[in-house]
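Please open the model in a viewer and keep the selection panel at hand.

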Amino acid sequence: MINNITEIINKKANKKELTDQEIDFFVNNLHKNIKKYQVSAMLMAIKINGLNDRELITYHNAILNSGKILDLDENRFDKHSTGGLGDKVSIILAPILEAMGIKFWKLSGRGLGFTGGTIDKLESIKKFNTDYSLKAILKKDNANHNLIIGQSKNLIPADKYTYSIRDTSGSVDSTELIAASVMSKKIAMGAKNILIDLKVGSGAFFKTLNQAEKLGKKLRLIGEKSNRNIYIIYTNMNEPLGKSIGNSIEVKEAISFLKNEYKDEKLEKIISKIAIEFYIKKNNVSLKEAQEKYDHILKKHKGYDAFLNILQNQKVKIKDFNEDKIFLPKHSYRIIANKSGYFKFKNLEDLGYFLIEIKAGRKNDHDSIYSHAGVDFFVKNGDFINKGDLLAKIYSKERLTEEQIRRFENTYFLTDKKVEIEEIILKEEKW
Ligand code: URA
C-alpha cells in the first residue's frame, strides 16, 4: 500500500521514476495528511529531476481531476501566458474577443515567482469577483460575457494549492510543473482551442528559445492527449510588455488601450495576433477579414464597452466604477537619466523582484499586496536618451530608501553602443 509520502519524495529526489499510484497519492492527499513542507519538498524534487511523459500526464490528470471539469461547447477559446512583466494581455483581450463574438472563459492565476498575475491585477478593481461556485459559473453561460476567474475549491484546487507553495518556495521554473499547471487551467475551463503565449527572455521562467521549446512540446503533448487544438506563440520578454508593471497600474493601461487612447506596438502585436487567429479559426474567414473586424472593434471602442459588461457580470457596479480611482499610489518617484545613451534593460528578473520588494507581489503565500505599487517606463530598449530625461516613475506605499532606488536603477543601463531592437513574436507553431 502506498501511504508514505517521505518515501515518494526520496524516490523522486533520487531521480527514480514514480508510479501512477504514487503520483495520485501525492496529489489526492495534498490538502489532507501531507504537510506543506512535504509538498514543497516534493515539488522541488520534481523541479530538479523532472517527470517523464507518462509521469507528466498522470500528474496533470491528477491536478485536473482535483476539481470539476467544465464540458462546454466546441467553439470555446482560451489563451495563457507562461508569465512575464507587464503582461496585461488577458485583461485587454477578453473584452476585445467578446466584442468580436468569441467565447473566452479564462481561469487565471495570481502573481507567480517574480512575475505578475491576472487575478491580482483584476482584483485591484473594487468588488471585481474572481471566485465563483460551479453553479454560479454555469449560470454565467447564459450571460454571453467573457469571464476571468481564479482557481477555486471547485476548479483545480490542487493547482491553487501547489501554485501558491511553488510561488514562495522556489519551484516555479520547472517545465513539467508549469505544463501541468497551465494546461489544467485551460482544460478545466472547457476550452477546446488553446493558444499559449510562451514567454522567453530575462523576464520569463525560460531564458532561451531552446528551453522554451521544450516546454512547448510538453504543453502540446498534454493538449493533444486531451483532444485540444493548440497554437503556441513564443514571445520576447527581455523588456516589459507595454509601459506599466504592477497591478492597478496595468488595469489603467489596459483601459487606455481599449479606449484607443494609447498604443504600444509590441503589446498590440500580441493582442491582434491572438484575436485574429481566434477569429479565423472560429469563422473560417481570411486574414484580411479578421484584421478588418479587429480594427473596427478597436476603433469604435467596442472592446471598452465589453470591458464594462465584463466588470458588471463579475459584480462591479458600473455606477460606482470610477477609472480615476483605480490607481492612487501613496508615493511616487521620478527616475531621471544621469547620462546620455541608448537604453537597455539588464535582467528583468531583478526588476520583478524589485516589484515584490515594493509589495506589487508576494514573498510569502499569505502576504497581501499593495495594488497601487508599480512602475511606469517612458523608454524602451534601444531608445536614445538625453541626460536629464525622465526614464521611469516608481509608485509605492512606503517611502523608498536610497538603496531601493539604486536597486531599481541597476535593472537597466545606458550605453554608447546602439542597442538591437528585438522582435516581439519570436516563433509560432500553428493549430
Ligand atoms: N502560469 C501558470 O498558470 N502556471 C505556472 O506554473 C506558470 C505560469
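The stops below each give a selection and what is found there.

This is a predicted model, in which local features need pLDDT of at least 70 and side-chain atom pairs count only at pLDDT 80 or more, while totals for chains, interfaces and linings use all residues. Residues are numbered from 1 along each chain as its sequence is written, and side-chain values use heavy atoms, with hydrogens and water left out.

**Domains.** Colour 5–49 as domain 1, 76–321 as domain 2 and 328–415 as domain 3; these bounds come from an automatic or database domain assignment.

**Interface of domains 2 and 3.** Select these two domains, whose C-alpha centres lie 25 Å apart. Each of them gives 26 residues to the contact, defined by heavy atoms within 4.5 Å. About 2,100 Å² is buried between domain 2 and domain 3, with carbon and sulfur atoms giving 52% of the area; buried area is the accessible area (1.4 Å probe) that two parts lose on being put together, summed over both.

Four salt bridges are counted between domain 2 and domain 3, a salt bridge being a side-chain nitrogen of Lys or Arg within 4 Å of a carboxyl oxygen of Asp or Glu. Next, show glutamate 349 and lysine 207, a salt-bridged pair with its closest N and O atoms 2.7 Å apart. On the side of domain 2 that touches domain 3, the elements giving two or more residues are helix H8 (157–169), strand E6 (244–246) and helix H11 (248–258).

**A pair within the chain.** Finally, select glutamate 123 and arginine 110, whose side chains form a salt bridge at 2.9 Å, N to O. Glutamate 123 lies in the loop between helix H6 (118–122) and helix H7 (134–140), and arginine 110 in the loop between strand E2 (103–108) and H6, so the pair ties together parts 13 residues apart in sequence.

Key. Helix = DSSP H or I, 4+ residues; strand = E, 2+ residues; numbered from the N terminus.
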